[in-house]
Amino acid sequence: MQQKNTKEVLEKARREGYAVGAFNPHNLETIKAILLASEELRAPVIIQIGQKMINRYGMEESVNVIKAIGKSIDATVSIHLDHGNSIEQAESAIHSGFQSVMYDGSHLSIEENVKNTKKVIEIAKAHGIPVEGEIGQIPGVEDEVHVSEDEASITTLEEAIEFVNLTNIDFFAFSIGTAHGVYTKEPYIHFDRLREIAGVVSHPLVLHGGSGISDEMIRKSISLGIAKINVDTDLRLKFKESITKSITENSYGHLTDLLDQAVYDVKEKVKEKIILFGSENQV
C-alpha cells in the first residue's frame, strides 16, 4: 500500500477532470474492500475515518488497521479525517499519520468557522498536512453529524469567496443540495451555484453526500469542478445487503465465508464508483 498526500491527489484530479472517491469504512472488511478496489483498478482512493470508526477503534489504531490490511495490497491511499469535530481531534489525526484532515465548523457562524479552521490549518501546515473545510450545512445523518432540512442551507457565492480567501483552505466542501444518508426525496443539485463557485475557487472542490445521486448528476458535478466525492451510505447498504443475502441462502454458513462475500460485494460497489468518477488508472 502506498500512501499519498491528499492535496496532491485532488489537485491532479481537478486539473485532469476526474474525481477521487472518498470512501468511509466501518469495519475491517470494508477497509479491505476499498483497498482491493484501488489495487484492481489502479485508482487512488481516500479512506475517510469518521466518528464511528474513531469511537470503535481509536484514532491511531484506525491508521494502524488500514496499514496492516494494506501491507500485502498494492493500493494507493490517502487517509483522511472526515467531519472532524474539534481542533483537538484534527490535531490528534495529524499526529496519528493521517494524510489530510477535515475540520467541520459548518454549524458555527462563518466568523467562528473561519477562526477555528485557520487554527487547524496552522497546526497542519507545520506537518505538511492539507485541510478540508466546509460552509453551508448539509442535511441528513452521517456518523454523529445530524442536520435537519430546516437547518440546511445552500452556500452562497459570497460565503464561498469569503471563506476560501480568509482561510486559504486546501480543499473546499459546501452545500449545493446533496444530503448525508439515504435520500427521502429526489435530490436536487444546484449546478448553477457549483458552476459559480468553481469559476472563482481554484482549490479542489468536495461533494458530500455522494450516495444515492444519479450517475448523470455525478458526471455533471465532476465536469463543473468536483474533485472529491464522499461515499458512505452506499457501502453500508451493500455490506448489509450482502450479509443478509448470505444468511438467507445459507443460515448455517461459516462466518468467514459470509464476510468474504461481503468484501467482494463491497469491493465491486467501490469499483463501480471509481469507474463512474473517472479515476481508474490514475496512479
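Reader: What makes helix H2 oblique to helix H4?

Author: In this predicted model, the axes of H2 (residues 28-41) and H4 (residues 59-70) come within 10 Å and cross at roughly 55°. Angles under 35 degrees count as roughly parallel, over 145 as roughly antiparallel, 65 to 115 as roughly perpendicular and the rest as oblique, so H2 is oblique to H4. The crossing is right-handed.

Reader: Which residues of H2 and H4 meet?

Author: Leu 28, Ile 31, Lys 32 and Leu 35 in H2 meet Val 65, Ile 66, Ile 69 and Gly 70 in H4, where contact means heavy atoms within 4.5 Å. Six of these residues are nonpolar, one is polar and one is charged.

Reader: Why is the pair of Phe 163 and Phe 172 called stacked?

Author: Rings pair if their centres lie within 6.5 Å; planes under 30 degrees apart count as stacked, over 60 as edge-to-face and the rest as tilted. Here the centres are 5.8 Å apart and the planes are at 25°, so the pair is stacked. Phe 172 and Phe 174, at 5.1 Å centre to centre and 35° between the planes, form a tilted pair. Phe 163, Phe 172 and Phe 174 form one aromatic cluster.

Reader: How do you know whether His 80 is buried or exposed?

Author: Buried means under 20% relative accessible area, exposed over 50%, partly exposed in between (1.4 Å probe, protein chains only). His 80 has 0%, so His 80 is buried. His 80 lies in strand E4 (residues 76-84).

Reader: What do the numbering and the values rest on?

Author: Residues are numbered from 1 along each chain as its sequence is written, and side-chain values use heavy atoms, with hydrogens and water left out. Local features need pLDDT of at least 70, side-chain atom pairs count only at pLDDT 80 or more, and totals for chains, interfaces and linings use all residues.

Terms used: Phe/Tyr/Trp six-rings, centres within 6.5 Å; stacked < 30°, edge-to-face > 60°. Helix = DSSP H or I, 4+ residues; strand = E, 2+ residues; numbered from the N terminus. Axes fitted to C-alpha atoms, helices over the stretch in contact; angles between N-to-C directions. Left-handed = near helix turned anticlockwise from the far one by under 90°. Nonpolar A, V, L, I, M, F, W, Y, C, P; charged D, E, K, R; others polar.
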